[in-house]
Amino acid sequence: MRLTDLSTKTSRWFDPNAPLSDIVISSRIRLARNLAGKKFITKCSISEKKEILQSLKEVILSLKSLGDIFFIDIEHGSTIERDLLIERQLISRNLASGSGPRGAVIAQNELFAAQINEEDHLRLSVLAPGLNVEKCWQRINEIDDSIGEKVEYAFSSKYGFLTACPTNLGTGIRVSVMMHLPALKMTDQLKKLFDAARDMNLTIRGLFGEGTEAIGDFFQISNQVTLGISETRIVEDFQTILIPKIVEYERIARDKLLVQEINLLDDKIARALALLKSAKLISSHEAMFLLSNLRMGINMGRVKEISIETINELFLLTQPAHLQMNKGQTLNPEQRDILRAETLRAKLN
Amino acid sequence: MQCEICKNKTATVHLTEIVDGHRTETHLCQACAQKEGVTIKSQLSLNELLSSLIAAHQQTGETPAQEKIGKVCSDCGMTMEEFRKQALLGCPDDYNVFESDLRDIIEKTQDNNTTHVGKVPSRTAKPVEQVQEQNQIEDLKRRLDQAVKVEDYELAAKLRDQLKALP
């Protein structure tokens with residue numbers, strides 16, 4: 001398996017046929033685990049990290065139920081390779097920018113990833129397209145059980161799974177759902193959503209872009225509390241209450257736009273399409289912003305000639321590391337903006 | 001809602017301050033908030049939130065006596081000083097070594113929860129049922145303590161009965 005095989009295609013988590021996928025892009029569950037009797041990463045020597053990496057890598061690669069999987073050495077990988085994996089949501093920025101022996105075991109279908117020596121010894125994650133939190137839990141729970149039979153996890157009866165940061169303590173579970181909420185943004189209702197989320201102990205982060213800035217109205221919603229509430233309860237809340245409610249609000253906002261702001265809406269979509277079809281230089285920020293508007297236009301039935309698959313593909317192909325990997329060379333920002341514009345024109349015209 | 005200072009623009013910054021148990025709310029527009037030096041971030045990251053909690057904990061002066069002479073974990077060499085800087089612990093045993101210092105931080109970041117509920121790995125020292133039962137007892141005891149503290153005797157009696165009913 002080579003990373004260039006990944007860079008030319010769309011991730012499986014962008015599946016337009018998945019449940020509620022016009023609004024919910026994907027569901028993900030992450031479990032944080034550490035080995036019993038070993039220091040946490042901050043206090044590990046290089047040789048201790050090496051030992052942890054080796055033993056966890058062997059255990060995970062030996063699990064037959066995972067299908068086709070491969071190991072990626074992050075310590076010795078190139079910056080473009082690391083960035084590509086970040087753009088595809090397979091590893092965290094934290095793992096990419098860390099130090100010492102570390103790596104990831106990734107499933108060929110990109111729906112499973114195990115990061116070794118990130119903030120904790122092991123960070124398992126399972127993804128599914130659309131709203132599929134329960135399915136993710138079933139899958140990751142089985143994988144976690146199989147690993148837990150072969151290694152002993154750091155666990156206390158009082159605090160549960162022991163993690164390097166107390167914010168992950170207990171279940172070590174982080175459920176994250178990636179949502180596209182352009183109509184809530186257009187109708188100025190994001191603040192309401194953020195306030196409600198905070199009251200319910202949820203975190204909302206912008207998906208693309210640095211830090212908290214949300215480019216293109218993609219948001220990742222996740223649980224904050226990991227102690228004193230069971231995994232199944234968190235999963236059930238996300239699957240049956242929280243996310244369906246946000247989907248409902250986004251739909252109401254979309255209907256409202258269709259009735260009250262149809263000209264504004266159509267103008268926004270038409271401008272996005274016109275720019276994407278003809279720009280000669282386009283930054284990743286601008287492309288993301290315009291593709292988001294176009295995605296909304298297609299999902300609301302305002303644009304018929306472009307498929308949602310094309311848009312999903314372009315979200316990935318126009319990202320910096322993808323452009324460079326597919327071109328086979330390092331490009332400076334201006335060269336990337338030219339190539340990005342070319343890619344967009346070729347796919348949309 | 002209007003900004004309380006300029007009485008013109010819509011208030012988008014809502015500040016809640018609790019000093020000595022007294023709560024005050026201030027509602028300002030973005031421009032006035034900046035003038036007043038109230039800077040906001042739309043979302044705090046968990047680590048930032050944790051660091052600010054740790055710092056707040058430090059300022060309350062509730063630091064136990066032993067910590068002043070600098071408790072050090074004999075397994076990994078971690079100190080509370082170091083934890084405050086990076087918000088990451090050094091080994092699983094730190095949860096025992098620094099239990100009294102961490103309790104407050106754990107409660108604040110975990111919505112006042114203190115005891116694990118949920119999955120228990122197959123390879124543990126104690127059988128799964130025993131762990132879950134023990135956790136249930138601990139959780140009830142904690143809630144009972146809290147109920148007594150806030151003088152909610154009705155709830156306390158209920159919790160005491162639940163504790164008695166356990167094997």
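**Helix packing and chain contacts in a predicted model**

Q: At what angle do helix α5 (residues 133-150) of chain A and helix α8 (residues 231-260) of chain A pack?
A: Helices here are DSSP runs (H or I, at least four residues), numbered from the N terminus, and residues are numbered from 1 along each chain as its sequence is written, with chains lettered from A in the order in which they are written. This is a predicted model, in which local features need pLDDT of at least 70, side-chain atom pairs count only at pLDDT 80 or more, and totals for chains, interfaces and linings use all residues. With axes fitted to C-alpha atoms over the stretch in contact and angles running from 0 to 180 degrees between N-to-C directions, the two helices have their axes 8 Å apart and pack at an angle of about 155 degrees.

Q: How are α5(A) and α8(A) oriented to each other, roughly parallel or roughly antiparallel?
A: Angles under 35 degrees count as roughly parallel and those over 145 as roughly antiparallel. The angle between these helices is about 155 degrees, and α5(A) and α8(A) are therefore roughly antiparallel.

Q: Which residues of α8(A) make the contact with α5(A)?
A: Two residues are in contact if their C-beta atoms, placed from the backbone, lie within 7 Å. On the α5(A) side the contact is made by Val133(A), Glu134(A) and Trp137(A), and on the α8(A) side by Glu231(A), Val235(A), Phe238(A) and Gln239(A).

Q: How many residues of chain A are in contact with chain B?
A: On the side of chain B, α2 (46-59), α6 (99-109) and α7 (128-149) each give two or more residues. In this interface 38 residues of chain B are in contact with residues of chain A, which number 40.

Key. Parallel < 35°, antiparallel > 145°, perpendicular 65-115°, else oblique.
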